Amino acid sequence: METPMAPGGGDEEHAVIAHFRLAGGGFGDADQREQIYEAERAMEAAVEKAGVGEIDGNEFGGGEAVVYAYGPDADALFKVLEPTLRSLPFRPAHVLLRRGTGETRVDL
């Protein structure tokens, strides 16, 4: 899927990268992974409907789950993702909003 670019935004892609602490030091338990997968599916549908970018997968390891999303506007993308991200019970959690060379951290 090609990600639409913002008008006048050149080819700069923004990112929303969500980090969640899981139980234990490895990949979390099966329930936790399934909750992340379910949230990812919900976010994919929301992002597609809003036309603000795409969900680009996840990583598990070191007691953490990370979900990656990309689009032309990190703020618009986060606005669509935020309700689902905040609904996940894993804490501590934070999101990195990357805009070109700048980055903002938002604690969930």
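## Overview

Buried residues make up 42% of the 108 residues in this protein chain, where buried means under 20% relative accessible area, exposed over 50% and partly exposed in between (1.4 Å probe, protein chains only). This is a predicted model, in which local features need pLDDT of at least 70, side-chain atom pairs count only at pLDDT 80 or more, and totals for chains, interfaces and linings use all residues. Residues are numbered from 1 along each chain as its sequence is written, and side-chain values use heavy atoms, leaving out hydrogens and water.

The accessible surface of the chain comes to about 5,800 Å², and 48% of that belongs to carbon and sulfur atoms; such areas come from the Shrake-Rupley method with a 1.4 Å probe, and for residues only the protein chains shown count as cover.

The predictor's confidence in each residue is its pLDDT, from 0 to 100. The chain averages 90, and 90% of the residues score at least 70. Residues 1-9 are another matter: pLDDT stays under 50 there, and the model has 16 contacts for them beyond four places in sequence. A contact means heavy atoms within 4.5 Å. Where pLDDT is low, the predicted coordinates should not be read in detail.

## Overall layout

You will find 2 helices and 5 strands in the chain, running β-α-β-β-α-β-β from the N terminus on. Helices (H or I, at least four residues) and strands (E, at least two) are DSSP runs, numbered from the N terminus. Among the contacts with a separation of 6 or more, 62% come from residues 24 or more positions apart.

Strands pair if DSSP finds at least two bridges between them. β2 is joined to strand β3 (residues 64-71) by 6 bridges, and the two run antiparallel. Asn58 has Val67 in β3 as its bridge partner. This hairpin has 2 residues between the strands, and Gly62 takes a positive phi near 60° in it.

Now for β4 and β5 (residues 102-107): 6 bridges join these strands, which run antiparallel. Here Val95 stands opposite Val106 in β5. The hairpin has 2 residues between its strands, and Gly100 takes a positive phi near 60°.

## Aromatic pairs

The structure holds 2 aromatic pairs. Rings of Phe, Tyr and Trp (its six-membered ring) pair if their centres lie within 6.5 Å; planes under 30 degrees apart count as stacked, over 60 as edge-to-face and the rest as tilted. Phe20 and Phe90 are edge-to-face because their planes stand at 75°, with ring centres 6.4 Å apart. Phe20 lies in strand β1 (residues 14-21) and Phe90 in the loop between α2 (74-87) and β4 (93-99), so the pair ties together parts that are 70 residues apart in sequence. Phe20 is buried at 0% relative accessibility, and Phe90 is buried at 6%.

Tyr37 and Phe60 are also edge-to-face, at 5.6 Å centre to centre and 70° between the planes. Tyr37 belongs to helix α1 (residues 30-50) and Phe60 to strand β2 (residues 54-61), so this pair links parts 23 residues apart in sequence. Tyr37 is partly exposed, with a relative accessible area of 30%, whereas Phe60 counts as buried at 16%.

## A buried glutamine

Gln32 lies in helix α1 and is buried, at 9% relative accessibility. A polar atom of the Gln32 side chain lies 3.4 Å from the backbone nitrogen of Ala23. Leaving aside residues up to four places away in sequence, Gln32 touches Leu22, Ala23 and Phe90.

Note on methods. A polar contact is a pair of N or O atoms within 3.5 Å; within protein, one must be able to donate a hydrogen and the other to accept it, and residues adjacent in sequence count only if both atoms are side-chain atoms.
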